[in-house]
Amino acid sequence: MAAPQFIVNMNTALAFTEMLNRVGVWVGGTLLLGVSIMIGIEVILRKVFSISMGGADEISSYVLAISCSWAFGFGLLRKAHIRIDILYSRLPATARSILDILSLITFIAYLMPLIYFAFVVVNTSVLRESTANTPLQTPLWIPQGIWLAGLVVFLLTCVVLLTGTIQRLAAGDIGGARQL
């Protein structure tokens, strides 16, 4: 018997968000490694030669914000976000499913205004041609835009998981909903 069409489409959406989040977390991790090396070199240059490359602190701030926003969705897919499940694990499957749906709705409700205001910040930076008040004079829309994109991917991940959970519950697949 073939799987219902919505399950096939949902599996495609889940695979896409999984791939998108995996790429984001690998890029973020690579950026963190690179900035760690850069900070190490900066420390050695300051200590040994009393010189500075300049900008390591600025770049590390951008990298931290970007890598975090891109890791949120991956953390959600891996169930790595902080949870207190002493009560959750003792509840019946139906109650756990309701809490799962409620948590995803809460994430979405939190992300919607956050993304809106992040967009306002990026848009303002573009319109005003804002640059960092540092020697690098980084156009602020670049790191802000990448940070915003990570938040949007996190929202997409939440929506896909919520939709998939609801669809699986509607089909009577409580185990599949819990797995999501």
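The model is predicted: local features need pLDDT of at least 70, side-chain atom pairs count only at pLDDT 80 or more, and totals for chains, interfaces and linings use all residues. Residues are numbered from 1 along each chain as its sequence is written, and side-chain values use heavy atoms, with hydrogens and water left out.

**Overall dimensions and burial**

The C-alpha trace spans about 70 × 40 × 35 Å along its principal axes. Of the 180 residues, 34% count as buried. Buried means under 20% relative accessible area, exposed over 50%, and partly exposed in between (1.4 Å probe, protein chains only). Among contacts with a separation of 6 or more, 71% join residues 24 or more positions apart; contact means heavy atoms within 4.5 Å.

**Aromatic pairs**

The count comes to 3 aromatic pairs. Rings of Phe, Tyr and Trp (its six-membered ring) pair if their centres lie within 6.5 Å; planes under 30 degrees apart count as stacked, over 60 as edge-to-face and the rest as tilted. Two of these pairs are tabulated here.

| Pair | Centre distance | Plane angle | Class |
|---|---|---|---|
| Phe 107 and Phe 154 | 5.2 Å | 70° | edge-to-face |
| Tyr 116 and Phe 117 | 4.9 Å | 75° | edge-to-face |

Phe 107 lies in helix H3 (residues 93–127) and Phe 154 in helix H4 (residues 141–170), so their pair ties together parts that are 47 residues apart in sequence. Phe 154 is buried, at 4% relative accessible area. Phe 107 is partly exposed, at 24%. Phe 117 is exposed, at 54%.

**Nonpolar patch**

Phe 16, Met 19, Val 23, Val 27, Leu 31 and Leu 156 make a nonpolar surface patch of about 490 Å². Helix H1 (residues 5–49) gives the most, with 5 residues. Leu 31 lies in helix H1 and counts as partly exposed, at 36% relative accessibility.

Terms used:
Patches are made of residues with over 30% relative accessible area and no salt bridge: like charges are joined within 9 Å, nonpolar side chains (Val, Leu, Ile, Met, Phe, Trp, Tyr) within 5 Å. Accessible areas come from the Shrake-Rupley method with a 1.4 Å probe; for residues, only the protein chains shown count as cover. A salt bridge is a side-chain nitrogen of Lys or Arg within 4 Å of a carboxyl oxygen of Asp or Glu. Helices (H or I, at least four residues) and strands (E, at least two) are DSSP runs, numbered from the N terminus.
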